[in-house]
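Let's take a walk through this structure together, one piece at a time. Keep the 3D view open and follow along as we go.

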Amino acid sequence: MATVRVQEAAFDMAAEQAALSAGRTDIGGIASFVGLCRGDDGLAALVLEHYPGMTERALAGIAAEAEARWPLTGCTVVHRVGRIRPGEPIVLVLTASAHRAAALEACAFLIDWLKTGAPFWKREEFPDGRERWVEAKDSDDAAAARWQQA
Amino acid sequence: MQVLYFAWVRQKVGVGQEEVSPPPEVTDVAGLMHWLAERSPGHAAAFASARQVRAAVNQEFCPPDHPVRPGDEIAFFPPVTGG
């Protein structure tokens with residue numbers, strides 16, 4: 001059963017990982033991805049917006065798909081919204097399985113899909129007051145497309 | 001029907017959501033976009049580059065030819081940039 005959350009607060013990776021494995025002895029590995037806010041071009045902050053309701057549904061849907069495609073014993077997706085400063089974490093994906101291949105592949109699938117299939121939008125804020133909406137990248141579409149099943 | 005706007009679409013329209021009652025000839029997402037664009041200069045600016053605007057009907061991503069009906073929740077937004 002997947003855990004998905006959208007929240008403003010920072011997340012505690014160790015606590016999330018402990019929650020995935022608590023009381024279990026059938027997990028051989030947990031793969032993880034943590035996305036951080038990069039401070040390109042003197043960025044002051046990223047402001048992330050989401051679509052309350054739809055975003056959570058979309059995350060739950062894709063987590064369920066990951067659990068259907070790979071033999072996972074659990075997965076966790078935590079995505080932050082609101083103002084995030086360079087160096088701070090934005091998103092956490094954890095996937096647990098008996099064997100590493102399933103955990104690693106499912107983790108990559110989830111993060112590729114998060115870029116293109118979940119309603120989040122990033123706005124960049126700069127120290128001089130300028131702001132700019134981040135544009136979607138073709139390379140992200142291509143990364144997500146490689147997981148599409150025939 | 002309830003219409004929601006996100007990111008720069010929201011900024012251009014000037015509100016995050018509004019209740020609208022389009023005429024019966026508005027039957028799909030593309031038709032609703034054209035009709036909404038007439039409501040104000042902000043709406044017109046938001047929908048000026050229609051190919052840059054994505055839509056969801058009842059919280060599912062939908063193409064422009066997806067039907068819209070009274071009571072639907074319809075959202076307009078730019079391509080997503082999460083992760």
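Helix 3 of chain A crosses helix 4 of chain A in a left-handed manner. Please keep in mind that this is a predicted model. To find the two helices, look at residues 100-117 for helix 3 of chain A and at residues 138-145 for helix 4 of chain A. Their axes lie 8 Å apart, and the angle at which they pack is about 130°. Because of that angle, helix 3 of chain A counts as oblique to helix 4 of chain A.

Which residues meet at this crossing? From helix 3 of chain A come A:D112, A:W113, A:K115, A:T116 and A:G117, and they meet A:D140, A:D141, A:A143 and A:A144 of helix 4 of chain A. Sorted by class, this contact holds four charged, three nonpolar and two polar residues.

Now turn to the sheet. Chain A has an open sheet of four strands, arranged in the order 1-4-6-2, and the pairing is mixed. Strand 1 (3-7) and strand 2 (29-36) of chain A are the edge strands, each pairing on one side only. From one strand to the next, the twist averages 5°.

Within the sheet, strand 4 (residues 72-80) and strand 6 (residues 89-97) of chain A run antiparallel and are joined by seven bridges.

Helix 2 of chain A touches strand 1, strand 4 and strand 6 of chain A, and its direction makes about 155° with that of strand 4 of chain A.

Finally, let's look at where the chains meet. How many residues does each chain bring to the contact? Chain A brings 20 residues and chain B brings 13 residues. On the side of chain A that touches chain B, helix 2 (54-69), helix 3 (100-117) and strand 7 (120-125) of chain A each supply at least two residues. Helix 3 of chain A gives the most to that side, with four residues. By class, the residues on this side of chain A are 12 nonpolar, four polar and four charged.

Note on methods. Residues are numbered from 1 along each chain as its sequence is written. Chains are lettered from A and ligands numbered from 1 in the order in which they are written. This is a predicted model: local features need pLDDT of at least 70, side-chain atom pairs count only at pLDDT 80 or more; totals for chains, interfaces and linings use all residues. Two residues are in contact if their C-beta atoms, placed from the backbone, lie within 7 Å. Ala, Val, Leu, Ile, Met, Phe, Trp, Tyr, Cys and Pro count as nonpolar, Asp, Glu, Lys and Arg as charged, and the others, Gly among them, as polar. Axes are lines fitted to C-alpha atoms, for helices over the stretch in contact, and angles run from 0 to 180 degrees between N-to-C directions. Angles under 35 degrees count as roughly parallel, over 145 as roughly antiparallel, 65 to 115 as roughly perpendicular and the rest as oblique. A crossing is left-handed if the near helix is turned anticlockwise from the far one by less than a right angle, and right-handed if clockwise. Two strands pair if DSSP finds at least two bridges between them.
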